[in-house]
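Subject: Structure handover

Dear colleague,

Here is the structure I said I would pass on. My notes on it follow below.

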Amino acid sequence: MSIMLLDIVLFSHDGRKRILTLRPGAVNIITGASRTGKSALIDIVDYCFGSDTCRVPEGIIRRAVGWFGMPLLLPEGQAFVARRCPLPGALSSEDCFVKIGLEVAIPDAADLSRTTNTSGLKALLTRVAGIDDNLHEPPEGQTRPPLSATIRHALALCFQPQDEIIRREELFHGASDHFVSQSIKDSLPYFLGAVDTEFVRKHELLRRMRELLRKCERDLREVLGVRGDPRKASTLLAQARAAGLGASSGLTSFDDTLAALKDVASTPLAAIDAPLSTNAEYAHLSTKRAQLLEQQRLLQGEIAVAQAFASDEKAYSVEATEQHSRLKTIGIFEGAVPGHTCPLCSSELRVDPATPSVSDLKDTLALVSSRLEAVEAGAPRLQLALGELLNALAIVQQELATNRAEMAAVRSQSDTFAEFADETTQRAHVMGRISLYLESLPNVPDVSALESEAQQLRTQIAALEEELSDERIREQLTSIASVLSQHTTEWAKALDLEHSGSPFRLDFNKLTMIADTPNGPVPMDRMGSGANWVGCHLIAHLALHQWFTNNDRPVPRFVFFDQPSQIYFPPESVIGPIAIDSETGEEPVEGGAETVDEPLRAISDNDRKAVARMFRLVFDVVEGLSAHFQVVITEHADLDEPWYQDAVVERWRGGLRLVPEDWPQAGGAS
Amino acid sequence: MTDWAAFSPEERGLLNPSFFSVILWAAAVGHADKGLPFELAFLVGPVVLHRTTRQSLPASTTTPLPVWLENNPLARPRIADRARLLIPFTKDALMFGGRHGIFTLAGARILPARGWPARVNSTLRNCTDEVRICAKRSRVVGKWFARTGDPATVMALLGVRP
């Protein structure tokens, strides 16, 4: 269930309310003379649902009304939304009022104040209408941004003002504007349910997978790129041989060359010190060096442990300080004697050991304080110890530096070493280059794993794309259109529309009704006569809402038809003010069967039957939806049939109108 | 009532009834208008005491609650979840504060008692910044709830059931 309207409420500037009661789940007819405010109702409802500007026409309504309000029936409970009527000269007002509950009574004018703005109102209504996360991405190559349907898009399907209900060119409210009609086309798949409900989530998943695939392909390219140049590996191997590193020759495959390079790289360089191993001084220095390195390692370990401990303690003391601070608030209650009666029910309270008293809290405060002090007391000692360790480390590092210098001195004095050193340096150089080359190879030389991963991703992506494809959505839409056309065809016959022997269907691309006649498809704008156009409008909207209701789609469950019978009446200027008693010159009292049918007397029998058929169809469809769908019709005609009369909720004749005449008007009297 | 001894030391310290009742008092002061409705008292803690939520609160009450909720979609589930967990602490705070007179509970509303602001402010001056910020935010939240309408609406907006 989505939203249905309970009433429409107008608040005057001086605290009065005018309540137009509507029945949810039924047809509501408001019939009346011209210029009583019938057509403004759609604009009022639109405004309360967060329109950008207030399209209620200038005049008595805009001047006499302070707030427009509407109690709504929600799937769970009710809500009351209201919006201030724009001040004279303003186009809209941001002052919105919202109240939600299981049952919401209509507030008084004095209770109305701004509790949210228009965007908050729209967000709220979108949520309660049941519209959840959705997204429409335009096809490749189109420039418009992705669309997320909101309550405003859903409302386009709920209004048929008097000038639009007879249009041959467009079927939907506001569709004469290109952007509006495009957004209707974009949001209809979601509202109809043609889009997978998991669309947004899958869309995100698809995006992530595409990124993963791109990364995978990049890695593959890198590996293949490196591999593609086996010459570098062979060159390095040759250099290693020249430097005397004993590498094998005549290897052809890349993998073998790689293996040989790895062998070379792991040759230890310890041989450097060979000629000096007999030099006693040098040996002594080497041993000392090893010892110093070991000491350094131990000290660094201890320092790391101590620093970790210090940071833990700091964290604890920050926490404990916060606790301490919050407990200190007990100072506020110092000296206040606690009562012995329960503050809620005034019954006598026995002293409950489980609830904390002031003294309990003070004890806890004392405990936390002492713990904090212990930590704080310990902190300086820790800092001292840490400082000592750091000093020791600095000393060791200095000794290492001295040792290094002494060893270098010994080395430089030895000639044999110098010679040997050259050769060794060369070897070390080649080994360095080899190890760099080996490092730069990607860590996963196993291309097959990467390739299979890429392939897997590609299949998954293809599957997802298929699920989310336009193709799939179009299929769903076609199927839905076909289901809907069963009803529209039947109803076209009931209304005796032109071409009614042929199937009538809704085209979601062209947003119009099409009759598939033996001579080819005839869209609404190529059908003749206003009666056919109105008929198409009616059956289209009824079919759509029947679908929405039966499939629990998040579209508000009401539709407004404004003067569908207008095409059967001559222009009002010919008839004159309707239903004036010719003898007394006054407007007759409402309720008489005679005067009720007056306007319809002026039209032919056939036309009167057509009007009756039109209304009867609406009633039948609403009945078929067992009180889950609501229609509001504002009409000029007043049909003398019991089922019609039962549905009339307001009759604006004889001085009764939307806004009472005695309401004060802002900006001076009219 | 609740068992003080069953709470962990951290809970006892951070959510102790004296501190919490000061928070509720601040919310009641901010709410004004016949006092803070009883049900909303259980929503003050979850909104104010969680640092991330507290930091994402708007600076003033001009931003309406529904708009803030739209801009911070994670706030609703967080608040609803924590409301449940904080029920025993809120109850304790209500009892403590009520018994010691910092507020009175009358007709399902919490009315701040007179003559306390001076005492509260002088003690809070010796507390950490965080305590003071909590109290200030609580006042703003009280005002915010008042602006949004009746308790049922506030609860429905936050997605909480009584």
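**Interface of chains A and B**

Chain B and chain A bury about 3,900 Å² between them, and carbon and sulfur atoms give 64% of that area. Buried area here is the accessible area (1.4 Å probe) that two parts lose on being put together, summed over both. This is a predicted model, in which local features need pLDDT of at least 70 and side-chain atom pairs count only at pLDDT 80 or more, while totals for chains, interfaces and linings use all residues. Residues are numbered from 1 along each chain as its sequence is written, chains are lettered from A and ligands numbered from 1 in the order in which they are written, and side-chain values use heavy atoms, with hydrogens and water left out.

To the contact (heavy atoms within 4.5 Å), chain B brings 51 residues and chain A brings 45 residues. The rule finds one salt bridge across the interface, where a salt bridge is a side-chain nitrogen of Lys or Arg within 4 Å of a carboxyl oxygen of Asp or Glu. The partners are A:R326 and B:E130, with the closest N and O atoms 3.3 Å apart.

Nine residue pairs, both at pLDDT 80 or more, are in polar contact between chain B and chain A. A polar contact is a pair of N or O atoms within 3.5 Å; within protein, one must be able to donate a hydrogen and the other to accept it, and residues adjacent in sequence count only if both atoms are side-chain atoms.

On the side of chain B that touches chain A, at least two residues each come from α1 (9–14), α2 (17–31), α5 (65–71), α7 (87–100), α8 (117–124), α9 (129–148) and α10 (151–158) of chain B. Helices (H or I, at least four residues) and strands (E, at least two) are DSSP runs, numbered from the N terminus. With seven residues, α7(B) gives the most to that side. The residues of this side of chain B divide into 26 nonpolar, 13 polar and twelve charged. In that division Ala, Val, Leu, Ile, Met, Phe, Trp, Tyr, Cys and Pro count as nonpolar, Asp, Glu, Lys and Arg as charged, and the others, Gly among them, as polar.

**Sheets of chain A**

An open sheet of five strands in chain A has the order β8-β12-β13-β4-β14, with parallel pairing. Two strands pair if DSSP finds at least two bridges between them. β8 (159–160) and β14 (648–652) of chain A are the edge strands, each pairing on one side only. Strand β4 (residues 27–32) of chain A is joined to β14(A) by four bridges, and A:T31 has A:R651 as its bridge partner in β14(A).

Helix α1 (residues 40–48) of chain A lies across β4, β8, β12 (558–562), β13 (630–635) and β14 of chain A, at about 150 degrees to β12(A). Helix α14 (residues 530–550) of chain A packs on this sheet, touching β8 and β12 of chain A, and makes about 170 degrees with β12(A). Axes are lines fitted to C-alpha atoms, for helices over the stretch in contact, and angles run from 0 to 180 degrees between N-to-C directions.

α14(A) also lies across β9 and β10 of chain A, at about 70 degrees to β9(A). These strands belong to an open sheet of three, β9-β10-β11 (chain A), with antiparallel pairing. Its edge strands are β9 (504–507) and β11 (520–523) of chain A, and the twist averages 35 degrees from one strand to the next. Four bridges join β9(A) to β10 (residues 512–517) of chain A, with A:R505 opposite A:I514.

**Strands of chain B**

β2 (residues 103–106) and β3 (residues 109–112) of chain B pair in the antiparallel sense. They form a hairpin with two residues between them, and B:G107 in the turn has a positive phi of about 60 degrees.

Regards
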